[in-house]
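Student: I would like to learn how to read a two-chain model, feature by feature.
Tutor: Then have it in view while we talk.

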There are 2 protein chains.
Amino acid sequence: MRILIIGGGGFVGRKLAERLAGNGTLRGETIAHLALADLAEPEPVSAPFPVTAHALDIADRPAVDALLASDWDVIYHLAAVVSAQAEADFVAGMRTNFFGTFNILEACRERVHTPVLVYASSVAAYSTDVPQPVADWTATTPQTSYGTQKAVGELLLNDYSRRGFVDGRGARLPTVVVRPGAPNAAASSFFSSIIREPLQGEPAMCPVDVSQEVWLASPRVTVGNLVSLAEIEGEALGGMRTLSLPGMTITVEAMLEALRAVAGENVLGLVDHGRDPKIEEIVRGWSARLEADRALALGLERDEDFERIIRDFMATDMRPPA
Amino acid sequence: MRILIIGGGGFVGRKLAERLAGNGTLRGETIAHLALADLAEPEPVSAPFPVTAHALDIADRPAVDALLASDWDVIYHLAAVVSAQAEADFVAGMRTNFFGTFNILEACRERVHTPVLVYASSVAAYSTDVPQPVADWTATTPQTSYGTQKAVGELLLNDYSRRGFVDGRGARLPTVVVRPGAPNAAASSFFSSIIREPLQGEPAMCPVDVSQEVWLASPRVTVGNLVSLAEIEGEALGGMRTLSLPGMTITVEAMLEALRAVAGENVLGLVDHGRDPKIEEIVRGWSARLEADRALALGLERDEDFERIIRDFMATDMRPPA
């Protein structure tokens, strides 16, 4: 079992690599090689099998072809220019999210060996323009360029799978909270910051009204579901290879209330409130109420308890307060 | 008012040009120039304004840029590699339908002047994989590469419109029946052949069971709706710029019954029946039951009577029997 994680330097990619290292197997086979690729060569993870690291710009077609020329059994495509960045820089988003995904699919098409391809789409593919809650058969009506580019990838994944070029499985990721590390250019970044920074003794800014809802999942459940998506049989997904991963709908207010319950009033006091219209507009356009019937029927997991998500973060990812 | 019809050599493009020539105006302005572009330079139509003809391969980005460098007020994008051809030749379909549409959008993005862009999508973007009838908010789950490529264009049209690069309006065309002329490589071609050829004294083959349903519209109503789509205000379409044009759901059996009613038993006798599994599979994957509530609310037209469609064909397009 040879696995390639494109976007392996990102936080989800890294957690996925660690999970695979712990499991040692995928699809019933012992992992023989794990490759991590990202714009900057990722730090390797420690594992009971060889792990290699590769610098890769997925918009660079020859580079994609070269890395995929080594036949991989399972490829994770988690690489993206994130939402606020793709909104601010249209060309950068098209280059990586639109053409990068196309390049990966095309490189797979030209291989004799058909890989399992797990594609990370996003809840940003859905919007509040359509009847809520969003069901598995609701149209993707993204209100951002990022969401558009992700939704295009979903369509291509279906067709490349139908034709047998890849054995595709796509996951519309909920907003993943609590992300470790530093804030990034995702419009959703603050959903983690308002929990992470206060726990680490730093101030955080909440740029939206606390009544704002979000569809979120923990890193633990998200990574488990990405593993499961590689393990199921692709035919179980039918002609629509991408599904919404299960998430929980929660308001910012309830998130902050959970932070208070877990860490106390003083920690909560580190959260300041100041609206950012650009972030508000993007986030307000995302559906926060989804049904994930297909994913649940396939045995994928769901978070139920935001306090547990906070405690998981404190146990595994928190940098101790200075 | 300067208008460009890309795909102006096709049957719908040509009928649209003739309609515009008859109207003389669009969006309340006198038409000053109509350009017809297609792979092979189209025959001009006679009109009370200058009509030019251009050879254009939309997969050729510099050629698209050059033609669009002359600022057009309204651009119709009707060019496509059709369904059975895109299914048989994946690369050709991607080249024209995926990259060609992208090239047109990109050329528009680089203009200062924002054109109205009317984009022809297809009922093939929908499938029978989703709850029927297909509503305006149902996911596009195409089961062909053609449908996939068309659905990708819909997503891009939304985003390019949201960003103000184009003022886009997309139309999911029903199967247009009765097409004049010769059969083409569309899997839907036989829906016209089984009416057209017998009326013209020639045999025709029906490759599907007569119980097969189809979502169809006449050339007259389709062209009228394409004109209307250019005339409405783009904001009326909201964030989802493509809508399903109104059609009628009819079985092949009812189509043939209408042919008998209009033209008699002898004409009907020219239709032979012999199943073609490839055509059957493609056609069976298309939804034949759609709602077109958005289009009807915007005042777009609907066919009600298939016998009238046959009589219209006989009056305007039929080649007299040899």
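**Reading the model**

Tutor: In α7(A), the residues that count as buried are P219(A), V221(A), T222(A), V223(A), N225(A), L226(A), L229(A) and A230(A). A residue is buried if 20 or more other C-beta atoms lie within 10 Å of its own, exposed if 12 or fewer, and partly exposed in between, with C-beta atoms placed from the backbone. This is a predicted model, in which local features need pLDDT of at least 70 and side-chain atom pairs count only at pLDDT 80 or more, while totals for chains, interfaces and linings use all residues. Residues are numbered from 1 along each chain as its sequence is written, and chains are lettered from A and ligands numbered from 1 in the order in which they are written.

Student: How many residues does helix α7 of chain A have, and what span does it reach?

Tutor: Helices (H or I, at least four residues) and strands (E, at least two) are DSSP runs, numbered from the N terminus. The expected span of a helix is 1.5 Å times one less than its number of residues. Helix α7(A), residues 219-231, has 13 residues and reaches 19 Å from its first C-alpha to its last, close to the expected 18 Å.

Student: How many helices and strands are there in chain A?

Tutor: Chain A has 12 helices and 14 strands. Its C-alpha atoms fill a box of roughly 60 × 45 × 40 Å along the principal axes.

Student: What radius of gyration does chain A have, and what would a compact globule have?

Tutor: The radius of gyration is taken over C-alpha atoms, and the globule rule is 2.2 Å times the number of residues to the power 0.38. For 322 residues a compact globule would have a radius near 20 Å; chain A has 19 Å, which agrees. Buried residues make up 54% of the 322 residues in chain A.

Student: What share of the contacts in chain A comes from residues 24 or more positions apart?

Tutor: Two residues are in contact if their C-beta atoms, placed from the backbone, lie within 7 Å. Among contacts in chain A with a separation of 6 or more, residues 24 or more positions apart account for 76%.

Student: At what angle do the axes of α5(A) and α5(B) cross?

Tutor: Two packed helices are described by the angle between their axes and the distance between the axes. Axes are lines fitted to C-alpha atoms, for helices over the stretch in contact, and angles run from 0 to 180 degrees between N-to-C directions. The axes of α5(A) and α5(B), residues 145-162 in each chain, come within 10 Å and cross at roughly 180 degrees. The two helices are therefore roughly antiparallel to each other. Angles under 35 degrees count as roughly parallel, over 145 as roughly antiparallel, 65 to 115 as roughly perpendicular and the rest as oblique.

Student: Which residues of α5(A) meet α5(B)?

Tutor: They are S145(A), T148(A), A151(A), V152(A), L155(A), L156(A), N158(A) and D159(A), and the α5(B) residues that they meet include S145(B), A151(B) and D159(B).

Student: Is α5(B) largely enclosed or open?

Tutor: Largely enclosed by the rest of the structure, because 17 of the 18 residues of α5(B) are buried. α5(A) is mostly covered, with 17 of its 18 residues buried. G164(A), with a positive phi near 80 degrees, follows α5(A).

Student: Which backbone angles deserve a look?

Tutor: Most residues other than glycine have a negative phi, and most peptide bonds are trans. R27(A) has a positive phi, near 55 degrees. R27(A) is in the loop between β2 (25-26) and β3 (29-30) of chain A, and is partly exposed, with 15 other C-beta atoms within 10 Å. In chain B, the peptide bond from Q132(B) to P133(B) is cis, with omega near -5 degrees. P133(B) is in the loop between β7 (116-122) and α5 of chain B. The bond from V177(B) to V178(B) is cis, with omega near 10 degrees.
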